[in-house]
Structures are given as structure tokens and as C-alpha cells.
Amino acid sequence: MTKPLVALLSGAGISTDSGIPDYRGPNGVWRRDPEAEKLVTYSYYMGDPEIRRRAWRMRREGRALSAEPNDAHRAVAALERSGVPVRVITQNVDGLHQLAGMPARKVLELHGSARSVVCTGCGARGSMAEALARVAAGEEDPPCRECGGILKSTTVMFGERLDPGVLAEAVAVTKACQVFFAVGSSLQVQPAAGLAGLAADHGARLVIVNAEPTPYDDRADDVVREPIGTALPRLLGALAEGS
Ligand code: ZN
């Protein structure tokens, strides 16, 4: 018997137990603070060295690299290890699914990753940890070591488009899966919101796990309001046992 493909879309809510606030959501930090939003807006970032210096300070103080996966991330990785085919589509940039043990090739990061940097001039990549070490050592806006260009986090900033390859793969996974979990996402930001509807259109069982109502609740086969940290281990544990 072929095991069903499980797709799991995760949003900020899956990482709040790991101490990471919701930055991008409709009620997120960026939307409530226009000055902070400039730090993650491509045109401001590229055009203003002071914005970049503030952005590097924010990355340094944000402690995103020290966050640890929680029970929900671990439950997803455990399901994958049990032999069930799992693909994660995430709106998060924290890399916690991979730290919990999900193979990187099975995690689609719609908004990129805060764990690496890229040069906007030559495209050279490096680790965020190394860039932050340079900031700590006194470089307020560390340039690319290859070409001297402006370095940025590999997160998708406002004003940048999503990686079309990642998005295409997310759509393909969504159409192909038999079960689609939407976890900790308000489903109000595209393209994540559209993926939930697409999954239902293609006949997947749609399970929404979120504290607040979402626009897709009436299309879901199951809506779970229980905290993600207990709901996901229970729901995914049952899937692993049934596999
Ligand atoms: Zn460069």
C-alpha cells in the first residue's frame, strides 16, 4: 500500500513556543512598527547605510540563531522518520524544522532563511553566524568579502519576490498530497493562504491547527484550536502509528 503524502504548511504559530515572535503576520511586529518594517524592506535596505546598520544590530539582538525547536517541530520530524512521506512548506525563516531533524531537501522555505546571508552584488552566500561575528567584532555593515557588495539575510524582504522555484515546488506538493496540515498560520498572507484552498480543491484532507479562526476553516475537514505544542504531537503521532 502506498503511504499518503503529507504536506504541512507552518506559520509563525509553530515557533512561538520556541520564543520567536510573529514578525510578518497581519498583526506582526513589522506591521505595527513602520520604522522596523523599513529594516526588512528591500529599497530602504539597499539605499540607506543607516538602515543596514540598524538591521545588523537587530539581527544580532534578535537571537534567532539561538532558538531551539519545540515539541511541534520534533513531531513533524518524527513523522518523517517513521517512513511517512512528509514535505514541509514554511512561512518561517528560523530553520527550526531542519534543526528538529527534517531533511533540508524536504523543507520549502517560502520566505527564505535567517540562517544565511547572500551578497546582493555577486550572489555569494555565507552563514549568518559568521556575518554576525563580524558585526560583533566591530563591522557595523559587513560587506561581501568577494566583491565588497551589500550583504543581506537570505530572507525574502518586503519588495522582493518569492523564489519562483520554491513556490512552484510548494504548489506541486500541495496538489499531490493526500493530507494537508496548515499549522500556526493565519492563512491571510499569500501564497500560503492560497495553498490551503488549492489542497482542498485537489481533494486533500485539510486539517487546520490554529488558535484563531482562519478564512479557510469552513473548507477544512478538521479544525483544531488546541495549542500546537500538544495538538501536533497527538495528530501526527496517530498518523505515524497508522502508517
Ligand atoms: Zn559579492
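What span should the 14 residues of helix H4 (residues 49–62) have, and how far apart are its end C-alpha atoms? At 1.5 Å a residue, H4 should span 20 Å. Its end C-alpha atoms lie 20 Å apart, in agreement. The expected span is 1.5 Å times one less than the number of residues. Helices (H or I, at least four residues) and strands (E, at least two) are DSSP runs, numbered from the N terminus.

The model is predicted: local features need pLDDT of at least 70 and side-chain atom pairs pLDDT 80 or more, while totals for chains, interfaces and linings use all residues. Residues are numbered from 1 along each chain as its sequence is written, and side-chain values use heavy atoms, without hydrogens and water.

Five names make up the buried set of H4: Ile 51, Arg 52, Ala 55, Trp 56 and Arg 59. They cover an arc of only 135 degrees around the axis, which puts them on the same side of H4. The arc is taken from the directions between the helix axis and the C-beta atoms. Buried means under 20% relative accessible area (exposed, over 50%; partly exposed, in between; 1.4 Å probe, protein chains only). An α-helix has 3.6 residues a turn, so residues three or four places apart point the same way. The buried residues of H4 pack against helices H2 (34–38), H3 (42–47) and H7 (128–136), and against strands E4 (112–119) and E6 (151–155). Contact means heavy atoms within 4.5 Å. Asp 48 caps the N-terminal end of H4. One of its side-chain oxygens lies 2.9 Å from the backbone nitrogen of Glu 50.

Two further buried residues were examined. Glu 80 sits in helix H5 (residues 71–81). It is buried, at 13% relative accessibility. Its side chain makes a polar contact of 2.7 Å with that of Lys 106. A polar contact is a pair of N or O atoms within 3.5 Å; within protein, one must be able to donate a hydrogen and the other to accept it, and residues adjacent in sequence count only if both atoms are side-chain atoms. Beyond neighbours within four places in sequence, Glu 80 also touches Val 86, Met 102 and Pro 103.

Gln 91 lies in the loop between strand E2 (86–90) and helix H6 (96–99). Its relative accessible area is 13%, so Gln 91 is buried. Leaving aside neighbours within four places in sequence, its contacts include Leu 9, Leu 110, His 111 and Val 189.
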